[in-house]
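Dear colleague,

Please read them with the model open beside you.

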Amino acid sequence: MRGFEHFIHKHIVLDKSFNIISEKIFDPSKDRAYSKHDISGYSNVLFVLSICNLHDTWLEPVKLS
Ligand SMILES: [Fe+2]
């Protein structure tokens with residue numbers, strides 16, 4: 001990420017009903033856009049949102065086994 005010019009603001013993990021399971025807010029002055037979330041106990045599918053200050057919000061489904 002390039003400081004405050006272009007950065008990932010937040011990652012959010014949602015369950016299959018789009019309830020928030022976990023989220024990580026980044027500080028663009030020191031953080032990389034990397035996050036770990038406890039998804040133990042979940043199966044089927046989850047969704048991950050990545051929110052960028054320039055490019056809006058991205059949604060990615062994650063298929064779990
Ligand atoms: Fe972006």
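**Strand pairing and overall build**

Strand β1 (residues 8-14) and strand β3 (residues 45-52) run antiparallel and are joined by six bridges, where two strands pair if DSSP finds at least two bridges between them. Within this pairing, Leu14 stands opposite Phe47 of β3.

Please bear in mind that this is a predicted model, in which local features need pLDDT of at least 70 and side-chain atom pairs count only at pLDDT 80 or more, while totals for chains, interfaces and linings use all residues. Residues are numbered from 1 along each chain as its sequence is written.

The protein has four strands and zero helices, both taken as DSSP runs numbered from the N terminus (helices H or I, at least four residues; strands E, at least two). From the N terminus on, the elements therefore read β-β-β-β.

The four strands form an open sheet in the order β2-β1-β3-β4, with antiparallel pairing. Because β2 (20-25) and β4 (56-63) stand at the edges with a single partner strand each, one side of each is left without a neighbour in the sheet. From one strand to the next the twist averages 15 degrees, with axes being lines fitted to C-alpha atoms and angles running from 0 to 180 degrees between N-to-C directions.

As for the whole, the C-alpha atoms fill a box of roughly 35 × 20 × 15 Å along the principal axes. Of the 65 residues, 3% count as buried, that is, with 20 or more other C-beta atoms, placed from the backbone, within 10 Å of their own.

Key. Buried ≥ 20, exposed ≤ 12 C-beta atoms within 10 Å, placed from the backbone.
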